[in-house]
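Student: I am new to this structure and would like to work through it with questions. Could you show it to me before we start?

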Amino acid sequence: MQSIAPKLRASVSFRAVIVSVVALWVTYFILATVRWEVVSGHDTAEMMQLRAIVVLAGMGITLILWLLLRLFDSRPLWMKMGASLLLALPVALLTAQVNNFVFENMHEKEEGYQTDHSHDDGNDAGHNPSNSTSGGLLRDVPATPTGDPTSDTANSKKKMGFWAGITDIALSRYFMMLAWSVIYFSLLATAQVRVAERREQMFRNAAKAAELRSLRYQVNPHFLFNTLNSLSALVMTGKAAQAEQMIQTISSFYRHSLTNEPTSDVALEQEFDLQKHYLNIEEVRFPERLKTEFDLPDDLVDARVPGMILQPLVENSVKYAVSPFNRPITVKVAAREEFDRLVITVTDNGPGVSKDAQDGFGIGLANVRDRLEARFGPDIEMTSGPIEGGYKSEIRIPLTRNG
């Protein structure tokens with residue numbers, strides 16, 4: 001049980017990271033292009049080419065941010081938030097520098113464009129999208145100062161305006177990186193939920209297997225106790241040949257019963273063979289009284305059932321119908337299919353179960369019911385009681401087949 005948890009570690013797949021990064025920057029590319037076309041309307045093709053370079057560089061830089069953030073995958077939430085706030089800052093500055101380098105020529109071109117338009121229409125601001133106060137997150141070219149470009153004041157303003165524009169772009173990219181960090185940690189939280197669900201299911205399966213194993217192991221000591229008593233009785237009465245035959249049959253029985261993992265299902269044919277071995281053992285004790293019948297249709301030989309599930313039912317028929325009476329008793333084990341369900345019956349033509357035997361008889365039935373419910377859940381039916389001319393136990397379970 002303790003080895004289950006370390007095998008599961010929540011992480012975001014590289015494919016999911018790539019998709020999220022590409023989606024972020026492609027969205028930016030589309031929105032920035034639309035904004036430029038609406039606000040400016042000139043040099044759109046050239047801007048798209050330069051913007052594509054910035055986007056590709058931005059994708060690579062965002063992947064660097066991912067490599068840093070993934071170091072905090074297993075850390076508490078407050079550490080993840082702090083890491084996002086701190087690590088996004090240098091990444092944003094780097095993207096802003098790349099943006100400035102790529103759009104350097106376009107920046108100078110925009111200055112000339114602004115000057116020409118200010119002379120044409122007398123408007124100092126001109127029609128310069130880089131000066132627009134709206135859409136700062138989508139701005140490519142830093143805002144440029146207006147005025148006479150030959151004056152010292154204008155040059156000073158130009159220099160200050162340039163760094164102000166770079167700062168503006170860096171801040172906008174900072175918020176983009178924070179947004180992607182939120183997306184990344186959201187994906188991580190989803191992965192952690194899935195891992196927790198898988199871990200919970202593993203523990204449930206382990207608990208279920210332990211329950212099945214415990215219930216299965218309850219069958220073996222009871223059977224061994226009865227067979228050893230029978231063997232002892234044969235030895236004490238001097239029936240050496242019958243005792244030797246019983247030992248060989250017991251050996252064959254356990255060889256078959258122990259070949260399978262206690263929690264696994266077996267083919268119905270194999271389960272029937274196992275009960276034949278058991279009844280062969282009991283026939284050594286009751287050679288004149290015990291008669292057996294088996295009815296297994298060919299189309300159900302590969303149906304799956306829990307191993308030794310019929311053992312308590314068959315054993316009860318021998319104990320409460322064959323053993324107490326000196327007349328022939330027939331024990332019949334049969335299977336059939338009804339509406340995609342497997343129906344297995346164990347019947348005998350004995351007198352049924354006396355009130356004094358009810359407690360011991362109920363233990364075997366409870367074991368069978370518990371094992372079926374542990375294996376199939378509530379989708380099982382089990383009945384047991386007297387019928388005309390004998391006693392009948394019947395189980396109905398979902399019909400599953402090998403493979």
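**Helices, rings and loops**

Student: At which residue does helix H3 bend by about 25°?
Tutor: The bend at a residue is the angle between axes fitted to the seven residues ending there and the seven starting there. For H3 that angle is about 25°. A proline, Pro90, follows within four residues. The bend is at Ala88.

Student: What kind of model is this?
Tutor: Residues are numbered from 1 along each chain as its sequence is written, and side-chain values use heavy atoms, without hydrogens and water. Local features need pLDDT of at least 70, side-chain atom pairs count only at pLDDT 80 or more, and totals for chains, interfaces and linings use all residues, in what is a predicted model.

Student: How many helices and strands does the chain have?
Tutor: Both are DSSP runs, numbered from the N terminus. A helix is a run of H or I with at least four residues, and a strand is a run of E with at least two. The chain has nine helices and seven strands.

Student: What share of the 403 residues counts as buried?
Tutor: Buried means under 20% relative accessible area, exposed means over 50%, and partly exposed lies in between (1.4 Å probe, protein chains only). Of the 403 residues, the buried share is 43%.

Student: How far does H3 reach from its first C-alpha to its last?
Tutor: H3 covers residues 77-102, which is 26 residues. The expected span is 1.5 Å times one less than the number of residues.

Student: Is Trp25 buried or exposed?
Tutor: Trp25 lies in helix H1 (residues 14-39). Tyr28 is in H1 too, three residues apart from Trp25, about one turn of the helix. Tyr28 is buried. Trp25 is also buried.

Student: How do the rings of Trp25 and Tyr28 pair?
Tutor: Rings of Phe, Tyr and Trp (its six-membered ring) pair if their centres lie within 6.5 Å. Planes under 30 degrees apart count as stacked, over 60 as edge-to-face, and the rest as tilted. The count by this rule is six aromatic pairs. In Trp25 and Tyr28 the centres are 5.6 Å apart and the planes stand at 80°, so the pair is edge-to-face.

Student: Which residues does Leu63 touch, not counting residues up to four places away in sequence?
Tutor: Leu63 is in helix H2 (residues 44-69). Its relative accessible area is 23%, so it is partly exposed. Contact means heavy atoms within 4.5 Å. On that rule, Leu63 touches Val17, Ile18 and Val21.

Student: How many of the twelve residues of H8 are buried?
Tutor: H8 covers residues 311-322. Its buried residues include Gln311, Glu315 and Tyr320. H8 is largely enclosed by the rest of the structure, because the buried count among its twelve residues is eleven.

Student: What is the relative accessible area of Val322?
Tutor: Val322 belongs to H8. Leaving aside neighbours within four places in sequence, its contacts include Phe286, Leu290 and Ile329. Val322 is buried, and its relative accessible area is 0%.

Student: With which side chain does the side chain of Asp265 make a polar contact?
Tutor: Asp265 lies in strand S1 (residues 265-267) and is buried at 14% relative accessibility. A polar contact is a pair of N or O atoms within 3.5 Å; within protein, one must be able to donate a hydrogen and the other to accept it, and residues adjacent in sequence count only if both atoms are side-chain atoms. Here the distance is 2.8 Å. The partner is Arg375.

Student: Over the face of which residue does Arg375 lie?
Tutor: A charge sits over a ring if NZ of Lys or CZ of Arg is within 6 Å of the ring centre and within 35 degrees of the ring normal. Arg375 is at 4.5 Å from the ring centre. The ring belongs to Phe376.

Student: Where does Phe339 lie?
Tutor: Most residues other than glycine have a negative phi. Phe339 has a positive phi of about 55° although it is not a glycine. Phe339 is exposed, with a relative accessible area of 79%. Its place is in the loop between strand S4 (329-338) and strand S5 (341-348).
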